[in-house]
Amino acid sequence: MAGQVSFTIASPEGPRTLSLEYERAGSGQPLLLLHGIGHHWQAWQPVLDILAAERDVIAVDLPGFGASPALPEGLPYDLPTVGRVLGALCESLDIDRPHVAGNSLGGLLALELGREKLVRSVTALAPAGFWNESERRYAFTTLRAMRTGAESLPLPVIERMSRSAAGRAALTSTIYARPGRRSPEAVVAETLALRRATGFHQTLAAGRDVLFRHDIPGLPVTIAWGTRDRLLLRRQGVRAKSTVPAARLVRLPGCGHVPMNDDPALVARVLLDGSR
């Protein structure tokens, strides 16, 4: 069930109203799903039905991504602000301390929500924020190149490329280890989502100096990393484990940076186990 929710958050300039798009399915304990930079809630489609069999799943388009409008003028795309936005979203949907799972940028946001004790558990798939400076520069340069490619390709070319396995690999192999498994329609939609993401550059700018250095005591935390992640290299998972020592560190064999498409059954099991 698709929906849109509007709510107000405080800012130095006074109350600001904003809205977010989301998809909701299933029943059970609430599980909030947060996608990565340049993506949209549909990144979770490969695992959505599996999760919805046991959870009340809310997959969100983050501010400035997918169908969600950009943040109002003057609100930064930093962790505290977007964290407050997600907290206000849960309050508006009458969700009390959901489980949360996130990928990449969404994984970093999930950890931030855990640090603020706004959630019951955290599952972070290849979360941002555990890089060294050279790894961060590499990731940001790669993301900018992906954005430039999405902006430069005419829609008929994107559609034609999406119809072949080689074309889907050219468009998405940076984030998927098995891009041929993604449907042509999904590849076109996520390429356009990257092209149109109004929050892309502001989010990158806000993330330039971000390092997640906080333990999250008293909360179940799972950190999972694909063995074929080409964007955030898997050694960053070891740093994440040293930062959150009680976290469960899970290896995702054969998976890339966005693992939900590469092995839906494995990722769904990790998310369900992490939210028990």
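These legends describe close-up views of a predicted model.

**View 1. The largest pocket.**
The space in this pocket comes to about 350 Å³. Its lining is made up of 25 residues. Nearest the centre lie Met 146, Leu 171, Ile 175, Glu 190 and Leu 194. Two or more lining residues come from each of α4 (133-152), α6 (165-172) and α7 (184-196). Helix α4 gives the most, with five residues. By class, the lining of the largest pocket holds 13 nonpolar, eleven polar and one charged residues.

**View 2. The largest cavity.**
One cavity of 30 Å³ or more is counted. The largest cavity has a volume of about 290 Å³. It is lined by 25 residues, and Ile 37, Leu 105, Leu 108, Thr 203 and Gly 207 lie nearest its centre. At least two lining residues come from each of α2 (79-92), α3 (105-115), α4 and α8 (200-206). The lining of the largest cavity has 20 nonpolar, four polar and one charged residues.

The whole structure holds two aromatic pairs. Trp 131 is buried, at 9% relative accessibility. Phe 140 is buried too, at 5%. The charged end of Arg 136 sits over the Phe 140 ring, 4.8 Å from its centre.

**View 3. Salt bridges of helix α4.**
Eleven salt bridges are found in the whole structure. One of them joins the side chains of Glu 133 and Arg 136, at 2.7 Å from N to O. These two residues are three apart in helix α4, so about one helical turn separates them. Glu 133 is partly exposed, with a relative accessible area of 41%, whereas Arg 136 is buried at 8%. Another salt bridge links Arg 235 with Glu 135, at 2.6 Å from N to O. Arg 235 belongs to helix α9 (residues 235-243) and Glu 135 to helix α4, so this pair ties together parts that are 100 residues apart in sequence. Arg 235 is partly exposed at 47%. Glu 135 is buried, with 4% relative accessibility.

**View 4. A salt-bridge network.**
Arg 276 and Asp 273 form a salt bridge, with their closest N and O atoms 3.4 Å apart. Shared partners join Glu 54, Asp 273 and Arg 276 into one network. Arg 276 is exposed, at 59% relative accessible area. Asp 273 is partly exposed, at 35%.

Methods. Residues are numbered from 1 along each chain as its sequence is written. This is a predicted model: local features need pLDDT of at least 70, side-chain atom pairs count only at pLDDT 80 or more; totals for chains, interfaces and linings use all residues. Side-chain values use heavy atoms; hydrogens and water are left out. On a 1 Å grid over the protein atoms alone, a cavity is a set of points where a 1.4 Å probe fits but cannot get out, and a pocket is an open set with protein on both sides within 12 Å along at least five of seven lines; lining residues have an atom within 4 Å of a point. Grid points are joined across faces, edges and corners, and a volume is the space filled by probe spheres set on the points. Helices (H or I, at least four residues) and strands (E, at least two) are DSSP runs, numbered from the N terminus. Ala, Val, Leu, Ile, Met, Phe, Trp, Tyr, Cys and Pro count as nonpolar, Asp, Glu, Lys and Arg as charged, and the others, Gly among them, as polar. Rings of Phe, Tyr and Trp (its six-membered ring) pair if their centres lie within 6.5 Å; planes under 30 degrees apart count as stacked, over 60 as edge-to-face and the rest as tilted. Buried means under 20% relative accessible area, exposed over 50%, partly exposed in between (1.4 Å probe, protein chains only). A charge sits over a ring if NZ of Lys or CZ of Arg is within 6 Å of the ring centre and within 35 degrees of the ring normal. A salt bridge is a side-chain nitrogen of Lys or Arg within 4 Å of a carboxyl oxygen of Asp or Glu.
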